Amino acid sequence: MGERILVVGGTGPTGVPLVRGLVARGHEVSILHRGTHETPETPGEVRHVHLDPYDEDALREAAAGPAYDTVIAMYGRLRRIAEAFAGRTGRFLSVGGVPAYRGWMNPDVAGPAGLPVPVGEDAPLVRDVAEDAKGYRIVRTEEAVFAHHPQATHVRYPYVYGPRQLAPREWCVVRRVLDGRRRIVLADDGLTLHHHGYTENLAHALLLAVDHPDRSAGRIYNAADDEILTVRQVVEIVAAALDHTFEIVSMPFELAVPARPLLMQPSPAHRVLDLSRLRADLGYRDAVAPRTALEHTARWLAENRPAPGGTEEQVLTDPFDYAAEDRLMEAWSDLRDSLPDPGFATVPGYGLAYSGPGGRPRSKPEFIA
């Protein structure tokens, strides 16, 4: 028999597939939101509770109504939502973010600089507001959730991609395709691994937590795509989905200024999440393969283009200044061409452990070079 479930939010990129999945499972679903982002993709049988979750009095009034079996909070003001529904629901599921991890926002605080690969749920969290104010607030919020709901399930999201994303990273590539650009700047050959989560996959993770209340009670989970793609792979997959190819112009991170909006972080260090707990406890596997998800996202953006200079581009902070990009690429080409021959007496090789095209090189130095 289905449960009475309230989703606080429910109209965003992962909220819509979550709500659809709950309805498909036979649950009686209500969504609490402001009513400003209605979508026809929300099933018709879903009940809408329209109020501003930032209005504490209205939120408390809504929570004082009929009790729900489960409340899923995927909106801002998570501390207040957790407090309002304390004692008013059988289960509380919440969504937060991976900046809770020390070093996610500020990789220089880790020693050596950069996060461990992968980052598990037991990794150090931000405990010093001076190091990272945002991460510190996220950790405090998680603590508040479990203070009010000791058996809660909390899911840490990475950056979300897919339809309806308000800051669509892939638009940095898609617009350049649509504008006919043939070259694109990437930092350090685009080899950074930056874990993301497709909308349908993240919703799938939440649905698994709903399906397994005993296993997920009192637990925190990382959620993201199973497959982690490099920035370069993202660019190439998105371009190919639109029948386009780019010449990748690789520059050192410090020089690759046009690549910043696509990289979305202050260093080329990897950001990789450990999903072992989600897999072991709840049996998670990607509902949609990330390569397929990126192709779908690219085509969706091409058909639903953000306005030039509009909110999405402002949030991405990509000026699409192609004249400046061309000047930078030409200057970089000139610099490389002008580098002097270092004059190695013996050219450094790869060693006998080499693994690459042609197999292991021969042992003589002249063949290792």
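Threonine 141 touches Leu78 and Arg79, leaving aside residues up to four places away in sequence; contact here means heavy atoms within 4.5 Å. Threonine 141 sits in helix H4 (residues 133-148), and at 16% relative accessibility it counts as buried. Buried means under 20% relative accessible area, exposed over 50% and partly exposed in between, using a 1.4 Å probe and protein chains only. Helices (H or I, at least four residues) and strands (E, at least two) are DSSP runs, numbered from the N terminus.

This is a predicted model, so local features need pLDDT of at least 70 and side-chain atom pairs count only at pLDDT 80 or more, while totals for chains, interfaces and linings use all residues. Residues are numbered from 1 along each chain as its sequence is written, and side-chain values use heavy atoms, with hydrogens and water left out.

**Aromatic pairs**

- The structure holds four aromatic pairs; rings of Phe, Tyr and Trp (its six-membered ring) pair if their centres lie within 6.5 Å, with planes under 30 degrees apart called stacked, over 60 edge-to-face and the rest tilted.
- One of them joins tyrosine 161 and tyrosine 198, whose ring centres are 5.3 Å apart with planes at 40 degrees, so this pair is tilted.
- Tyrosine 161 belongs to strand E7 (residues 159-161) and tyrosine 198 to strand E9 (residues 196-198), so the pair ties together parts 37 residues apart in sequence.
- Both tyrosine 161 and tyrosine 198 are buried.
- Tyrosine 350 and tyrosine 354 make another tilted pair, at 5.0 Å centre to centre and 45 degrees between the planes.
- Tyrosine 350 counts as exposed at 63% relative accessibility, whereas tyrosine 354 is partly exposed at 23%.

**Charges over rings**

- Arginine 169 lies over the face of tyrosine 161, 6.0 Å from the ring centre; the cut-off is NZ of Lys or CZ of Arg within 6 Å of the ring centre and within 35 degrees of the ring normal.
- Arginine 175 does likewise with phenylalanine 320, lying over its face at 4.4 Å from the ring centre.

**The whole protein**

- The protein has 14 helices and eleven strands, and its C-alpha trace spans about 80 × 40 × 40 Å along the principal axes.
- Of its 369 residues, 49% count as buried.
- Take the contacts with a separation of 6 or more: 73% of them come from residues 24 or more positions apart.
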